[in-house]
Amino acid sequence: MERVLITGALGQLGHEFIKFFIKKNIYVLASDIRRPEEKLNCDFEIIDAMDNKRLNVVVKKYNINTIYHLVAVLSATGEKNPFKSWKVNMESFQNIIEVSIENKIKKIFWPSSIAVFGTKSNLENVSQDPILNPNTIYGISKLAGEKLISYYNKKYDLDIRSLRYPGIISFESKPGGGTTDYVMEMIESLKKGEDYICFLEKDTRLPMLYIEDAILGTIKFMSSKKKNLNVKESYNITGFSITPEELELKLKENGCIGNVIYRPDYRNEIAKTWPKNINDKISKEDWNWKANFGLNSTLEEAFK
Ligand SMILES: NC(=O)c1ccc[n+]([C@@H]2O[C@H](COP(=O)([O-])OP(=O)(O)OC[C@H]3O[C@@H](n4cnc5c(N)ncnc54)[C@H](O)[C@@H]3O)[C@@H](O)[C@H]2O)c1
């Protein structure tokens with residue numbers, strides 16, 4: 001029986017993973033550095049993922065055998081304090097690995113990101129294994145994490161798995177300081193008939209994934225047979241790619257009346273070093289990955 005610990009569980013992705021595990025009757029212990037604002041329908045513990053001892057105690061107390069380690073300082077927030085970003089992203093991951101070795105954790109999920117790519121990665125259509133030259137501290141930490149996965153899996157016979165998520169779009173759980181957050185912000189403002197100041201240029205194209213595809217895809221990936229997984233670091237996945245202007249037009253077609261004012265800031269500089277499109281062929285071949293949501297179906301969810 002799976003007994004799952006989620007770290008950083010109160011963030012955009014964590015909320016949705018909690019809901020999934022509860023629905024499937026899988027034991028889940030949510031943890032975060034802060035208290036939940038609303039009641040969760042599962043056990044909860046405050047855990048600072050930088051605190052190795054506390055992690056160890058909780059893993060033992062609840063007999064945890066699977067960890068989803070979601071703690072991170074995301075791209076845009078990370079650029080404001082790169083030292084903190086590196087420390088949180090790397091030290092917490094090392095802690096999870098140490099605790100996993102000691103407690104014989106069966107499986108660990110650790111998300112990587114499209115931030116590992118850079119201007120040398122052929123950004124028009126990024127393959128699984130291009131040159132990686134990340135430009136943000138977030139991307140650098142994700143790339144280092146990918147390398148740690150293959151190193152520790154081999155050295156300690158662990159089963160740490162990873163996906164390179166593009167921008168995740170969700171409407172119930174709020175985003176946590178990424179470069180793709182504009183999608184949810186623009187939808188929210190225009191739906192209310194308010195104007196939106198967009199921090200990207202109108203033609204900055206980025207890959208996205210609707211939350212349901214992200215959660216179900218991750219679960220499918222985590223349940224795949226290890227022998228089928230040929231990529232030893234992190235797999236590319238994607239849903240669809242869009243520009244802010246394309247999103248604005250779609251929202252207007254859906255009857256929204258607010259305007260978008262384009263005022264690009266440092267986040268547009270980050271986005272310029274990220275992929276426009278992702279090639280996820282290897283995920284399709286190795287573990288049968290398929291995204292079900294495109295832009296139109298994602299917007300249908302926004303207007304439900
Ligand atoms: N959301 C996206 O678009 C996206 C895209 C690519 C990759 N990812 C990755 O997915 C993971 C989850 O992302 P998210 O969007 O849910 O992030 P988020 O920022 O919404 O949530 C992160 C959570 O971690 C918690 N946290 C921060 N420091 C902590 C610490 N020291 N100990 C314990 N908890 C701490 C925060 O309180 C927050 O609830 C991250 O690793 C992120 O890099 C997300």
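Predicted model: local features only at pLDDT ≥ 70, side-chain atom pairs only at ≥ 80, totals over all residues.
At what angle do α1 and helix α7 pack, and how far apart are their axes? Residues are numbered from 1 along each chain as its sequence is written, and side-chain values use heavy atoms, with hydrogens and water left out.

So, to the answer: α1 and helix α7, which covers residues 211-223, pack at an angle of about 60 degrees, and their axes are 10 Å apart. Helices here are DSSP runs of H or I with at least four residues, strands are runs of E with at least two, and both are numbered from the N terminus. The axes are lines fitted to C-alpha atoms, for helices over the stretch in contact, and the angles run from 0 to 180 degrees between N-to-C directions. Angles under 35 degrees count as roughly parallel, over 145 as roughly antiparallel, 65 to 115 as roughly perpendicular and the rest as oblique, and α1 and α7 are therefore oblique to each other. On the α1 side the contact is made by Q12, L13, E16, F17, F20 and F21, and on the α7 side by I211, A214, I215, L216, T218 and I219, where contact means heavy atoms within 4.5 Å. These residues divide into nine nonpolar, two polar and one charged; Ala, Val, Leu, Ile, Met, Phe, Trp, Tyr, Cys and Pro count as nonpolar, Asp, Glu, Lys and Arg as charged, and the others, Gly among them, as polar.

Now please turn to a second pair, helix α4 (residues 82-103) and helix α5 (residues 137-156), which pack at an angle of about 15 degrees with their axes 10 Å apart. These two helices are therefore roughly parallel to each other, and α4 passes α5 in a right-handed crossing. The contact involves, among others, W86, M90 and F93 of α4 and Y138, L148 and Y152 of α5, and its residues divide into 14 nonpolar, five polar and no charged.

Let me move on to charged side chains. Side chains of opposite charge can pair when their charged atoms come close. How many salt bridges does a search of the whole structure find? The search finds 20, a salt bridge being a side-chain nitrogen of Lys or Arg within 4 Å of a carboxyl oxygen of Asp or Glu.

One of them joins K19 to E16, with the closest N and O atoms 3.3 Å apart, and both residues lie in helix α1 (residues 12-23), three residues apart, about one turn of the helix. E16 counts as buried because its relative accessibility is 13%, whereas K19, at 39%, is partly exposed; buried means under 20% relative accessible area, exposed over 50%, and partly exposed in between, with a 1.4 Å probe and protein chains only. E16 and K19 are also linked with E172 in a network of salt bridges.

Within α4, E91 forms a salt bridge with K87, the closest N and O atoms being 3.0 Å apart, and since they are four residues apart in the helix, about one helical turn separates them. Both are partly exposed, E91 at 34% and K87 at 45%.

R54 and E45 meet through their side chains in another salt bridge, at 2.8 Å from N to O, and here R54 is partly exposed at 29% while E45 is buried at 13%. I46 itself is in strand β3 (residues 43-46).

Finally, a word on the backbone. Most residues other than glycine have a negative phi. N122, in the loop between β6 (112-113) and α5, has a positive phi of about 55 degrees although it is not a glycine. N288 also has a positive phi, near 65 degrees; N288 lies in the loop between α10 (281-287) and α11 (295-302), and at 53% relative accessibility it counts as exposed.

Note on methods. Left-handed = near helix turned anticlockwise from the far one by under 90°.
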